[in-house]
Amino acid sequence: MNHLNDSRSRIMEFWRACELFSPQSIPRVNPRDEREPVFLIEPGGLLPWEPGHPLQHRRIKPTMTWRHILYGGIFQLDRMRVLLEEVFGADPENFDRAPQGTSALFAMILTEEGRPLLKTWEFSSAAWAVGRTSSPPGPASAAWLEGFDIACSTLATAAESRVAAFEYDQKAAELRRKDVHVGRPLAYGDVAALVRLTTERFGVAGVLEPDGFLVKSVQVSRRREHSTDETTDFLNSLIVHDLERVSSAVRRGAYGAALDAYLAVSEPARVDLRQDPRVVFEHVAPGLVPAGRWPQAPDKPLALSQQFAVNTIMGTLASGSGLFAVNGPPGTGKTTMLRDLVAANVVERARRLSKIPHTAAAFTGERRWKTGDRTRVVSLWREDLTGFEMVVTSANNGAVENVTTEIPGRKAIDTPWRETAGYFDDVASRVLGEPAWGLVAAKLGRKSNRIEFVSEAWYGTAGERGILAILKEWEQDDGAVDWSAAVKSFTLAYERVQALQRERDEAYQVLREVPAVQEAIDRTTTEIRTAENRLDALSHDFERAQRLTEQAQSELSQRAAKRAEHQRFQPSVTTAIFTLGKASREWAAENKTLALEVRSAQAALDDATVRMKSLRETAASVAQERDRKRAELSRLHTRLTELQFHSTHHQADLGRFFPDDQWWASAEQREQHTLWTDEEWNRARADLFIEALRLHQAFLRAEATRMRRSLQAAMDVVSGAAPRDAPEEAIRAAWHSFFFLVPVVSTTCASFDRVFSHLTQEALGWLFIDESGQAAPQLAAGAIWRSRRVVVVGDPLQLEPVVTLPFAAQQALRRTYGVRDERWLPGRTSVQQLADRANRYGTYLPGEDEPVWVGAPLRVHRRCDQPMFDVSNAIAYDGLMVYGKPEQPPLQLPESTWIDVAGTSGGGHWIPEEGDALVRVLRRLAREEVSPDDIFVISPFRDVVRGLGQVIRQFPGLTARTVHTTQGKEADVVILVLGGDPRRPRAKGWAAKRPNLLNVAVSRAKRRLYVIGDRAEWSRQRYLDVLASHLPRRTLPPAAPDSPPSSIEAELSWPSAPHNTRTWMWE
């Protein structure tokens, strides 16, 4: 094990330890529920399985029976928080902390007779951890949180001995022979003894004060009465065991590129897309646009930032593996982007499918397992036909359901495909519960969802066929499908898309070449000018060299003549004798001097001659290069003319889908005008997606027997009936078949391990994590580990993760597990933030202390009217978003406003006067027949929501809710009731500490936002001052309670303004 894997494994262990302190709440008492009543057992009271208990008088179907879930040793979760804050220190004050509810020391399943199924014990990890914190070994020990599984095993053994069946119990003996191990029917005293035993073993009597128990009774089929296949998981975090599994894999280095990027400390070289738009231009090139497109209106292309994300994701991940983050501010089309990724993958698998020589060639062998007494046969797929499995997950149940209930619906596709596309649409409609166009997504997750899907989609109902019956019919009409015809139809559609792509790519290449050619022209022109300047300089140098040569020649002639003259007067022999050689010596000395001067002059002449020759040759070379550059320049001008001609032609053909100067002029122009994807190409790409599904359907028909067998095995896996020891290769193949039929499935992060329990490292092709800004980092670790390609979509500037573990306790756990960096603290980060850090492409947004890097941002907002858009864009996004909402018919309601109400507290943060103002607003909306479905009434505080709940009872269909519950939702009218206890002014500062809460509240409103609250007090707060500056202030005069609403004089009139068409009055 290397150091990197060790440190990353410790992060997983740290996250697991945090989850040990994160129990689930137990059900609320509700004895009147018809299907799953929950009973609080009073001391000495009857138990639901005992004669005389009201449950025994209820009638159920003969094929059904009662099964009971016992929760023993109930305690308040707030007690755990109090202890942790005492030990580690308190968190900063929270002015709207939700009550944490109750949990229990243990849970178990009991039969109809009240016999415990001995393999179903579950003990509270939180209670055990609290005991280890308040008593030895304590947080200072390295063994502080080690040994939970051993403690549970020891405790289970002791508990089983307390409830064991008696020797003479024939029913228990009979079940034991069937390998079903049960205890005796429990009485009140037995359960009370178990509570005392667990309390003592955990050492939490004085800390948690556990007491009492409750029972949840559930109707199950008689054949499942003694089943222990499903674990209880009623008390503890659903991801504890999965984090342990992932930690072990990471320690061995058994993890892929996506998890590697997620856990990386170093950051890649970053490209700020707002600062470098040419990168965006290059990434939306036609050659990078996927062949398939979701069937939405052809004249509504993706926004530029959406197309950038789709192209870059497919280009970066499709052929390999890794992690990509997309920042999705409200109303910017996250689901729209995900739908195009779905279409791209379905088409690519169909393309590969169309290349196989015959349908049987899609498979490479078979694997088997036994489900009960039935043998399941699974066909193994060719590797190149796998890796297209797509899973949508989120910490938010609503986000998961939004995607997988939206895309199969008929409203999800536009004309002309809505009337012609049909992919098992009758089955999809039954599963969805409303008209659907295709079985393209399945909502799985919790076991009840999975069983419902298998029942509705696979088996069908009386008179309505499921997929199983359809495949059986297809097996009987062998030869009814013409596979080659289906391939031909798909291939023609694909070639059509490719031809259109080539045309647009040609335009792109022309456009891309123009600046290169222009740059070459500028460069060549400069080079010619430089050459000409050099020739001028060489000419001057040559003239100087020529003059020097002439001077050197003259000098040489003079020196030679002088020497020749000297030689004429050489002394004779006689003179030499008479002068005793003096004359000869003097003459020789002079002659030598003159010879040297001649040689010097000759050398100067030679140098000058060489210089002239060099200059002549250099000038010839420069002139030749200049002439070559002139020819090159002429060619470049010709090419530029050609390109400009072609560019004009392409611009005429593509219109607004071809970039002009205005497109480059501003971000607003660029973002709202996507390049290349015009109506003709969009229509062809959407047609191709439909043809891809038809090819899938034709394959299912051609291979009905193999697919029926494989899908039957897959349904075992989905419903949880597959044996735990089934080979992973076989389970993977079963899932491949399932995803071939249904391209997309969804599950929450908490249920991911349950759905894909058999799968390990990179077993799934694609993982889409939605609303990931709300997800604590550990929630997605198991899902990322199982996935080859991960796309993280969310917004750190909307709602943040809810982490109940006190921050000081998180710090103590971090230190205990040797995790150095605080970035891994669940209370400091989210799935989105970790993924953002790993993304190369993105931009910076303002942060509390320093700019924050976010992944590839979606920028065009199409949800909210003004001023909601401007408020959200200003407080959270530094102007990142671009307003792109299409013009809509005017809404005949008063404009958005702040209704100023200064009142006194009616208890906590609830201000009764604000409730009165709300009633008057709602009456006005009711008179205008605004549907309750189009109205949100929200508040930052739970106190206010409780008060609002009383006030709006007179308006059927309306529900008051906290801001936190509305992320991912929208309404035409949002009424934000601020509240805020006047005696606790810091509460307002808490609500306005970050932009997130207000950002979510404001961006839910599509058409109108009405804020009710004390404007003077709230507008002092950060971000709320921006809201106040964008909303006009209005006050309501005292109501006239004796007058009917219709006759009340103008309580509030809206002054004329450029954007107003009428003057309105409340009531």
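1. **Ground rules.** This is a predicted model, in which local features need pLDDT of at least 70, side-chain atom pairs count only at pLDDT 80 or more, and totals for chains, interfaces and linings use all residues. Residues are numbered from 1 along each chain as its sequence is written, and side-chain values use heavy atoms, with hydrogens and water left out.

2. **Overall form.** The protein has 36 helices and 26 strands. Helices (H or I, at least four residues) and strands (E, at least two) are DSSP runs, numbered from the N terminus. The radius of gyration is 41 Å, well over the 31 Å that the globule rule gives for 1067 residues, so the protein is more spread out than a compact globule. That radius is taken over C-alpha atoms, and the globule rule is 2.2 Å times the number of residues to the power 0.38. Along the principal axes, the C-alpha atoms fill a box of roughly 165 × 80 × 70 Å.

3. **Burial and contacts.** Of the 1067 residues, 54% count as buried. Buried means under 20% relative accessible area, exposed over 50%, and partly exposed in between (1.4 Å probe, protein chains only). Now take contacts between residues at least 6 apart in sequence: 78% of them join residues at least 24 apart. A contact means heavy atoms within 4.5 Å.

4. **Surface and charge.** The accessible surface is about 46,700 Å², and 48% of it belongs to carbon and sulfur atoms. Such areas come from the Shrake-Rupley method with a 1.4 Å probe; for residues, only the protein chains shown count as cover. The protein has 136 positive and 138 negative charges, and their mean positions are 3 Å apart. Lys and Arg count as positive and Asp and Glu as negative; His and the chain ends are not counted. Each charge is placed at NZ of Lys, CZ of Arg, CG of Asp or CD of Glu.

5. Strands of a sheet pair through backbone hydrogen bonds, either parallel or antiparallel. Two strands count as paired if DSSP finds at least two bridges between them. Four bridges link β1 to β5 (residues 211-221), and Leu-40 has Leu-214 of β5 as its bridge partner.

6. **Strand β2.** Twelve of the 13 residues of β2 (residues 64-76) are buried. β2 pairs with β5 over ten bridges, where Tyr-71 stands opposite Leu-214. Eight bridges join β2 to β3 (residues 102-110), and there the partner of Ile-74 is Ala-104.

7. **A loop residue to check.** Which residues does Ile-26 touch? Beyond those up to four places away in sequence, the list is Tyr-71, Ile-74, Thr-102, Ser-103, Ala-104, Leu-214 and Leu-235. Ile-26 lies in the loop between α1 (3-20) and β1. Its relative accessibility is 6%, which is why Ile-26 counts as buried.

8. **Strand β7.** Is β7 (residues 322-327) enclosed or open? Six of its six residues are buried, so β7 is largely enclosed by the rest of the structure. In a regular strand the side chains alternate between the two faces of the sheet. Here Gly-322, Phe-324 and Val-326 point one way, and Leu-323, Ala-325 and Asn-327 point the other. β7 runs parallel to β16 (residues 787-794), with six bridges. It also pairs in the parallel sense with β18 (residues 852-857), over two bridges. Val-326 takes part in both pairings: it stands opposite Val-793 in β16 and has Ala-856 as its partner in β18.

9. **The β17-β18 hairpin.** β17 and β18 form a hairpin with six residues between them. They run antiparallel and share four bridges, with Gly-842 opposite Gly-855. Four of the five residues of β17 (residues 841-845) are buried, so β17 is largely enclosed by the rest of the structure. Two bridges also join β17 to β6 (residues 271-272), in parallel.

10. **The six-stranded sheet.** Another open sheet has the order β23-β22-β24-β25-β21-β26, with parallel pairing.
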